[in-house]
Amino acid sequence: MASSILEALEIIANNIPLVDKEIIPIEMSVGRVVTEDYIASFDLPRFNNSAMDGYAVKVVDADKTVSCSEVIYAGDNPSMTLQEGTAIKIMTGAPIPQGCEAIVPIENVTVENDTVQLPSDIKMNNFIRMAGEDIKKDTVFLPKGEVINAYTIASLASQGMTHVTVSRIIKVAIFGTGDELRPHFEKIEPHQLYNSNSPMFLTRSKALGCDVRFIRTSADTLEALESSIKSTLDADIIITSGGVSVGDKDFTKVAFTNLGMQVLIDKIDIKPGRPTIVGHIDNTVIVNLPGNPLASMVNYELFIRAIIRKMSGRTDHRHGTIHTVMKSDFSVRGGKHAVVLGKFDGSSFEPIKPQMPGMVSPMQEADGLILITPEIKNLESGRKVTMIPIKWEFCSRLKEELFTR
Ligand code: AMP
Ligand code: MG
């Protein structure tokens with residue numbers, strides 16, 4: 001029985017196995033997912049220090065002229081104690097001396113010979129950066145399931161970490177099926193067709209951080225399909241397109257089933273792209289997408305993206321959404337849970353016209369898609385819609401409402 005779109009996403013969220021881990025240098029880890037909680041082994045800052053170039057003072061000396069003969073620089077390890085009636089010149093980042101109650105910035109004092117005239121409003125702890133106010137010792141500063149970015153690396157480096165444990169890169173294998181298909185780098189006859197799906201999945205999967213192999217197009221025979229499958233079973237995900245409908249030569253499902261595929265999702269209640277299968281042979285996840293390019297692209301974005309995120313251990317593996325409005329009227333046939341591809345200009349959603357399951361050209365323009373329920377027949381200009389972005393990764397930890405209703 002067909003799964004609904006939301007059921008299919010739940011099956012993915014609950015059944016996709018995680019890849020194992022590896023340890024890599026932090027400089028190589030952007031885009032990777034951490035597989036453990038990282039706990040701070042010391043406070044950051046490690047010691048109370050000055051937030052300004054200025055003077056270390058006592059609060060009681062506000063509005064007084066105090067003597068000043070010493071300086072503390074960043075990198076110093078001061079041993080002196082600040083006495084009432086004196087100030088110590090101090091640079092940004094330098095450890096504050098014993099007895100210091102506040103820092104007065106250089107621009108707020110008047111200096112004359114060895115004395116400093118202090119302002120009248122000095123508050124306790126002013127311009128002192130406290131130990132641990134940034135990252136507290138023994139607390140989690142980077143939780144498991146987060147995707148590493150340059151700023152995460154700053155946190156890791158600030159804790160003196162050289163390496164980080166992350167999910168290993170997901171291995172994807174891709175092949176198209178269809179006697180009519182030829183690779184895009186070969187000469188073709190007028191009745192033949194270039195395989196545009198496989199290069200699309202290859203480059204999209206790479207963009208999502210996977211390591212990808214492209215196995216040539218498979219002929220529409222059980223033998224050819226089974227041989228393609230056998231040569232890809234070491235992958236974490238096998239993505240195929242074509243041969244999943246009810247045509248006489250649609251053998252994709254039979255071939256995978258013959259080789260032991262357990263089916264998790266058999267058809268999805270979505271237009272376009274209903275004949276989509278998700279299953280697994282041991283730990284290799286299999287996704288058979290329909291051959292129609294736009295249908296397969298839509299289901300890649302909705303389901304394979306979710307599979308990749310889940311498999312990599314991300315906490316935010318669910319689709320994030322953007323709430324926007326229709327830029328103009330758009331009529332749909334209705335009666336189905338359907339997908340509308342469109343462009344997003346920052347404030348409104350403009351459907352791409354025309355968009356049919358067999359087309360290639362609408363896909364390159366799409367910034368996102370909206371999911372609509374069978375009751376919707378017309379999306380009038382100004383109507384609120386919920387968009388799932390495609391051109392950029394916008395993910396969520398929560399089960400957001402994905403449908404425009
Ligand atoms: P199928 O799902 O095999 O029935 O194919 C549906 C339609 O998609 C047919 O018109 C196929 O020629 C076309 N098609 C299948 N695979 C691909 C592919 N890899 N690239 C482009 N078009 C394809
Ligand atoms: Mg076919």
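## Ligand contacts, sheets and loops in a predicted model

In this predicted model, a polar backbone atom of Gly243 lies 2.8 Å from an oxygen atom of ligand 1. The protein covers 76% of the 480 Å² of accessible area that ligand 1 has on its own.

Which residues come nearest to ligand 1? Of the 13 residues around the ligand, these are Glu180, Asn195, Ser196, Gly243 and Gly291. By class, the shell consists of four nonpolar, eight polar and one charged residues. The side chain of Glu180 has an N or O atom at 2.5 Å from an oxygen atom of ligand 1. In Ser196, by contrast, it is a backbone N or O atom that takes part, at 3.1 Å from a nitrogen atom of the ligand.

The protein as a whole is described next. Its domain assignment gives four entries: domain 1 (5-19 + 169-306), domain 2 (21-39 + 139-167), domain 3 (49-129) and domain 4 (318-404). Taken over C-alpha atoms, the centres of domain 1 and domain 3 are 68 Å apart.

One is an open sheet of six strands with mixed pairing, in the order 7-4-6-5-9-8. Why is one side of strand 7 (102-105) and of strand 8 (110-112) left without a neighbour in the sheet? These strands stand at the edges, and each has a single partner strand, so no neighbour is present on one side of each. From one strand to the next, the twist averages 40°. Within this sheet, strand 5 and strand 9 run antiparallel, and Thr65 stands opposite Gln117 of strand 9.

Another open sheet, also with six strands and mixed pairing, has the order 16-13-17-20-19-18. Its edge strands are strand 16 (211-214) and strand 18 (262-266), each of which pairs on one side only. Neighbouring strands of this sheet are turned against each other by 20° on average, with direction ignored. Strand 17 and strand 20 pair in the parallel sense, and Ile238 has Ile286 of strand 20 as its bridge partner.

Strand 22 (residues 322-326) pairs with strand 28 in the antiparallel sense and with strand 25 in the parallel sense. Thr324 stands opposite Val385 in strand 28, while Met326 stands opposite Phe349 in strand 25. In a regular strand, side chains alternate between the two faces of the sheet.

| Strand pair | Direction | Bridges |
|---|---|---|
| Strand 5 (residues 65-72) and strand 9 (residues 115-117) | antiparallel | three bridges |
| Strand 17 (residues 237-241) and strand 20 (residues 284-289) | parallel | five bridges |
| Strand 22 (residues 322-326) and strand 28 (residues 384-389) | antiparallel | four bridges |
| Strand 22 and strand 25 (residues 348-351) | parallel | two bridges |

The peptide bond between Lys271 and Pro272 is cis, with omega about 0°, and Pro272 is placed in the loop between strand 18 and strand 19 (277-281). A cis peptide bond also leads from Lys353 to Pro354, where omega is near -10°. Pro354 belongs to the loop between strand 25 and strand 26 (368-372). Asn125, a residue other than glycine, has a positive phi near 70°. Asn125 is found in the loop between strand 9 and strand 10 (128-129).

Conventions:
Residues are numbered from 1 along each chain as its sequence is written. Chains are lettered from A and ligands numbered from 1 in the order in which they are written. This is a predicted model: local features need pLDDT of at least 70, side-chain atom pairs count only at pLDDT 80 or more; totals for chains, interfaces and linings use all residues. Side-chain values use heavy atoms; hydrogens and water are left out. Domain bounds come from an automatic or database domain assignment. A residue is near a molecule or strand if one of its heavy atoms lies within 4 Å of it. A polar contact is a pair of N or O atoms within 3.5 Å; within protein, one must be able to donate a hydrogen and the other to accept it, and residues adjacent in sequence count only if both atoms are side-chain atoms. Accessible areas come from the Shrake-Rupley method with a 1.4 Å probe; for residues, only the protein chains shown count as cover. Ala, Val, Leu, Ile, Met, Phe, Trp, Tyr, Cys and Pro count as nonpolar, Asp, Glu, Lys and Arg as charged, and the others, Gly among them, as polar. Two strands pair if DSSP finds at least two bridges between them. Axes are lines fitted to C-alpha atoms, for helices over the stretch in contact, and angles run from 0 to 180 degrees between N-to-C directions.
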